Each structure stands twice: as C-alpha cells, then as structure tokens.
Amino acid sequence: MSEVRFEGDPDPIFTAPVRTSPKRLVVRVPAGAITGRLRLLTPGGAKAMTRQSLRVADASQVLSGFRLRGSKLRPRKAFFDQPAPIRLRYRFDAPGRTRVRVQVVRAKGTRVIRAYRKSQLPFARHSQTWNALERDGDVANDGLYRFRVGAAGESSAVAGKMKLYGFKFPVRGPHSYGGHLQEFGAPRSGGRRHQGQDVYAGCGTRLEAARGGRVQARAYDPVLYGHFVVIDIRKSSADHMYSHMPSSSPFGRGDRVRTGQRIGAVGKTGNARTTPCHLHFEIWPKGWRNGSPIDPEPALRRWDGWS
Ligand SMILES: [Zn+2]
C-alpha cells in the first residue's frame, strides 16, 4: 500500500502509511479526517476499502479510561499439564498505551493466584496464558477460576471463567470398579496383597495419563503386570503405574507425557490374561518401588467425577 484515502470535508485527504506489512498497515489519522470508510491505494492502481468505517470523535467523546472490549477464555475445563494451554484472548479500549493487569482469581473468595502486568496498545488483540501454577510454583487447587483484566491500579472486569483440575480420569470409556477382590489390599496368591485398584473396561479402551510427567519405566512383565508404564508425575513426588496394557506404551523411558495424552489401552496381559480386560492402577506417593503404594480408589473416583 502506498496511500490511504480518508474521508474529509469537503475533500478527501491522502496520506502515506507509517508502516506496512502483509497483514497490517499503520497510518496516522490526518487532521481534518471525518467519519467514513478508508480506501487503500497501491502504485499499481489496486484499490481496497475497509469494511468498517473510521469513527472520528470530537474531544468530548474521547475515551477517558480503560474498557474491556471482548474476551475469550479457553478451554472452559482444563487439566493441569494438558497439552493445550489455558489462554485468555482479549481486547480493550483506552486513550493510549496502557499498563494492563491480568489476574487469575479463585472464584470463591478474592485471592489472586497469579497476576501479569504488561504495557499494551488499545484496540489490538492480546493474549495471556496460564500454566495452572500459583505464584509459588504449586499447582493451583481444583475449582473455578476467574480471569480479570483492567488497567493496573484500577478496578478490573471479569474476562472469563474456567474450571481447573489437577488430574484426569485415565480410562476413557464405560467402566466399573469391580468388587472387593479388585480393591487395594485384597489377598493375592503367594501371600501377596493387591497393590492397586482395578478398573474394568472394554478391551482396547483408550488409556490417558491422569497427570503428565516423565516416563520412569516402560516394560513387559509376563507374570504379573504385563505391559506397564510408570509415570513420575509433575509437581509431586508420586508416581502412577498403569498395567495389563495389550501392547507397549507409545511413550518410552525418559519421555515427557502430558495430562490426557494417550499412553496405551485397557488390556489383559500379565496375570490378567484369564480375567476381563482392566486397568490395574497404582499410586506410589514417594515414587515407584520406594516406600509403599496407597489405595488409589478414592482418587480415581474423584477424578472420575469431573473427567
Ligand atoms: Zn489389579
């Protein structure tokens, strides 16, 4: 673009752009321009007209402060460490470049979990992501959060709401928990005790990481666990163990896994070969084979409730 034509009274006013790029054109509104659409002209004679008209306001109509113009927060339900970021997109009106403050606030109460401050231009698109961590680096609690946007030091407006969960239920299909023998601590052959909880589901049901982390082990144990995978979960000393998968997990030792990524399927390898397909799941609070596992059923049922 070489020239921009503004409506004027009585004649149009031509001016050169300050800056152009394939997607953006910056031009200073010349004195004398009036409300109307802009025409863009190239040296080759091509012309284009803006769809929206430029509104030239008089001094009494000029914005005096910050106003949130539009916003979108996605996703509405997020799991900590999921692949897609939690992202707020927003625009605002203001008389000029503004020091903007974005806050993540617990819906219950007013505690500010995270705050971001940036100098930004009005009318442009802006975005802010949140990694679901509090200021001190801990995972934010499960629950409803609001994002607030405003000029720093002034009041702010709610720009979006979302629910956050620290874990996702790993069995992604119809399932059941079985009976007493599938519970943690149930007796097993050779004086062993059941070290996890079984979740029955159709063979091949998608299995996802309840929480992301680093794969600590991927192996095949023909006697007990069949194909299994152990994940050293993020922001916790605990490890999760998933077993009886029909085949090896696509994630190998040392791989980074994110919450909700497919780590395998429900199967019946190992000592599950004579039982219906199920996930045998263990939680080791101090790490796999370090200390003892705990009963994972209460956690599984909680995650099941919201996933
Ligand atoms: Zn089991």
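**View 1. Domain layout of the predicted model.** The domain assignment, whose bounds come from an automatic or database source, divides the chain into domain 1 (3-61), domain 2 (67-165) and domain 3 (175-306). Taken over C-alpha atoms, the centres of domain 1 and domain 3 are separated by 63 Å. Residues are numbered from 1 along each chain as its sequence is written. Because the model is predicted, local features need pLDDT of at least 70 and side-chain atom pairs count only at pLDDT 80 or more, whereas totals for chains, interfaces and linings use all residues.

**View 2. The largest nonpolar core.** This core (buried Ala, Val, Leu, Ile, Met, Phe, Trp, Tyr and Cys residues joined through C-beta atoms within 7 Å) has 49 residues, and Leu207, Tyr242 and Leu279 have the most contacts inside it. Strand β19 (residues 226-233) gives the most to the core, with 5 residues, and at least three residues come from each of domain 2 (67-165) and domain 3 (175-306).

View 3. Strand β16 pairs (at least two DSSP bridges) in the antiparallel sense with β15 (residues 175-176) over 2 bridges, where His175 stands opposite Ala201. With β23 (residues 278-284), β16 pairs in the antiparallel sense over 4 bridges, and Asp198 has His280 as its bridge partner.

Note on methods:
A residue is buried if 20 or more other C-beta atoms lie within 10 Å of its own, exposed if 12 or fewer, and partly exposed in between; C-beta atoms are placed from the backbone.
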